[in-house]
Amino acid sequence: MGRNTRKRRTPLATKAVAASAALALGGGGLIWANFYASAHEENPANQTKSAGAQIATIQCPDVGQKLTDVPDGARQGVDKELANLDKQITEAYSRLASTRQAQAGDPGFVNNAILGPLKSKRVAAIDRIGINIRRVGGNAPGNLEQLAECQGMGAEQPQANDGDGGGQNNGDQNQGGQDQNQGGDQNQGGGQDQGGGQVGDNGNGAAGPVAADFVNINDVQPNSRDLPNGLAANGDSGSTGSFTAKCGVNENNLFNSDNLIVAPGVDNGAHHTHDYVGNQDNDAFSSDEDLANAETSCQNQGDKSTYYWPVLRLQDGTQEFDAGDLGGGAEGNVGKILKASQAELKFVGNKKSDVVAMPKFLRIITGDAKAFTNGLANANTSFSCTGFEDRQVTDKYVICPEGSQVVRTSNFQSCWDGQNIDSANHRDHVAFVQADGSCPNGFQAIPQLQARLVYDVPAPTIENGQVKAPYAVDGFPEQLHKPITDHNDFINVMDENLMNQVVQCINSGEDCE
């Protein structure tokens with residue numbers, strides 16, 4: 001599968017950096033998941049308990065979500081430092097995954113050799129964030145330095161009742177038990193696994209998913225989705241129409257590991273690969289002018305919006321085009337990229353009111369690529385199967401019966417503050433509808449984007465507590481490919497005439513495309 005995208009780094013430089021990363025990881029990225037130390041145990045219950053108790057990954061406070069007021073003149077510098085923080089976590093995680101034997105012999109190894117140096121690097125980056133803000137007359141939050149310290153974290157999924165404290169509060173507990181986990185939980189198993197044939201990574205060279213990340217769709221209760229975010233905004237009252245954007249399924253093979261919204265100007269800012277439909281000129285260096293002048297895969301040429309999401313991969317040993325690249329195999333995102341067989345992009349109305357036009361270049365991120373370590377405050381993902389879509393699950397991948405396909409669904413925020421096309425943390429300018437379908441005070445209803453992605457995925461099997469031929473979304477390496485980290489991104493680049501048509505269709509109760 002080829003890659004059609006505009007990158008500023010030369011291919012040779014890309015390969016050189018990826019090669020360095022692979023060497024740092026012990027070659028080929030194949031040590032990423034050797035921390036499920038008990039994966040060789042025959043008792044799946046013991047395996048789950050032990051895997052959750054040990055330090056599987058690194059949990060750091062999300063500095064970007066605390067920055068709610070960054071002056072425009074400081075945004076570029078701040079975004080680059082936030083991307084640098086992500087890179088630091090990725091590098092520290094790779095060291096965590098590749099030093100299991102050293103950890104087994106030294107209870108203080110993780111604190112002294114990994115978390116301590118990481119904190120020092122984060123202090124420097126956070127200090128530079130403050131300098132960038134103050135340089136243009138802004139006020140940096142006074143407690144940013146408190147966000148420098150990271151913790152060890154187990155491998156268990158956060159639960160819905162953990163709330164947004166599920167990450168940091170649990171981290172304090174993990175830190176308290178850290179030395180015990182390293183010495184007392186007998187992490188020697190990680191070393192044994194490493195020497196004994198990659199037992200912990202299911203033979204895929206990737207940090208997850210594991211058997212506990214999957215559920216048979218028949219075991220999911222109808223109407224059991226347990227996240228407050230992502231409610232369908234439309235109903236049988238208010239603005240009841242819809243507009244469907246037909247933009248294909250990435251037939252042009254547009255892939256990259258950038259994120260123009262979160263990390264503009266930063267190559268590999270996402271640390272995982274995205275599918276793109278719609279706008280054909282979306283990478284980290286694209287300006288609004290570039291987006292407006294680009295070609296589009298959408299049938300309606302007035303829609304140059306960019307719709308993108310992390311790719312879904314089958315971990316079957318396939319060497320994809322990015323197998324040696326940062327964002328791909330060098331960062332634990334391995335296997336065959338699965339294109340959606342259907343990518344349904346529909347804009348719907350609001351249960352309580354008419355909708356107003358989205359401003360051009362409005363940016364919306366739904367879901368949280370770091371939900372595994374951040375907690376569930378911004379999580380918004382659903383997995384299901386065709387024929388079973390009344391059963392939605394948020395923290396598991398689904399195993400579908402023969403003849404049924406995997407479905408990923410994202411319902412975007414559909415309330416806008418009426419002023420801003422983006423915000424410092426990329427969230428505060430938009431909001432989800434409230435339980436009754438109305439927008440919070442000060443927000444206006446806009447068309448809600450509902451993205452439904454359908455995939456032909458061979459059903460994984462689980463044998464002796466291990467998942468065979470799993471599928472997973474791409475993600476930041478330290479997020480362990482957890483399903484709760486699925487997310488979706490959108491930048492509105494519809495021309496004025498088309499956006500007015502969308503609004504008219506929705507408010508008049510028509511179904512248009």
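Predicted model: local features only at pLDDT ≥ 70, side-chain atom pairs only at ≥ 80, totals over all residues.
View 1. A disulfide joins Cys 60 to Cys 150, with 2.1 Å from S to S. Turn to the S-S bond itself and you'll find 110 degrees about it, a right-handed link between Cys 60 and Cys 150. Where do the two ends sit? Cys 60 is in the loop between strand E1 (57-59) and helix H3 (63-66), while Cys 150 is in the loop between helix H6 (109-135) and strand E2 (151-153), so the pair ties together parts that are 90 residues apart in sequence.

**View 2. Here a disulfide joins Cys 247 to Cys 298.** The sulfurs are 2.0 Å apart, S to S. This pair links distant parts of the chain, 51 residues apart. To find Cys 247, look in the loop between strand E4 (242-245) and strand E5 (255-256); for Cys 298, go to the loop between helix H10 (288-293) and strand E7 (306-310). The torsion about the S-S bond of Cys 247 and Cys 298 is about 95 degrees, so this disulfide is right-handed. Are these cysteines buried or exposed? Cys 247 has 1% relative accessibility and counts as buried. Cys 298, at 3% relative accessibility, counts as buried too.

**View 3. Cys 385 and Cys 400 are joined by a disulfide.** From S to S, it's 2.0 Å. Cys 385 belongs to strand E12 (residues 382-385), and Cys 400 lies in the loop between strand E13 (397-399) and strand E14 (406-411), so the pair ties together parts that are 15 residues apart in sequence. Which hand does this one have? With a torsion of about -85 degrees around the S-S bond of Cys 385 and Cys 400, the disulfide is left-handed. Cys 385 has 0% relative accessibility, which puts it among the buried residues. Cys 400 has a relative accessible area of 10%; the cut-off for buried is under 20%, so Cys 400 is buried as well.

**View 4. Stepping back, how many disulfides does a search of the whole structure find?** The search turns up five, among them the link of Cys 60 and Cys 150 from the opening view. Now give the bonded cysteines of the protein chain numbers in sequence order, and follow who pairs with whom. The pairing reads 1-2, 3-4, 5-6, 7-8, 9-10.

Technical notes:
Residues numbered from 1 in each chain as written. Heavy atoms only, no water. Disulfide = S-S within 2.5 Å. Helix = DSSP H or I, 4+ residues; strand = E, 2+ residues; numbered from the N terminus. Buried < 20%, exposed > 50% of the residue type's maximum accessible area, 1.4 Å probe, protein only.
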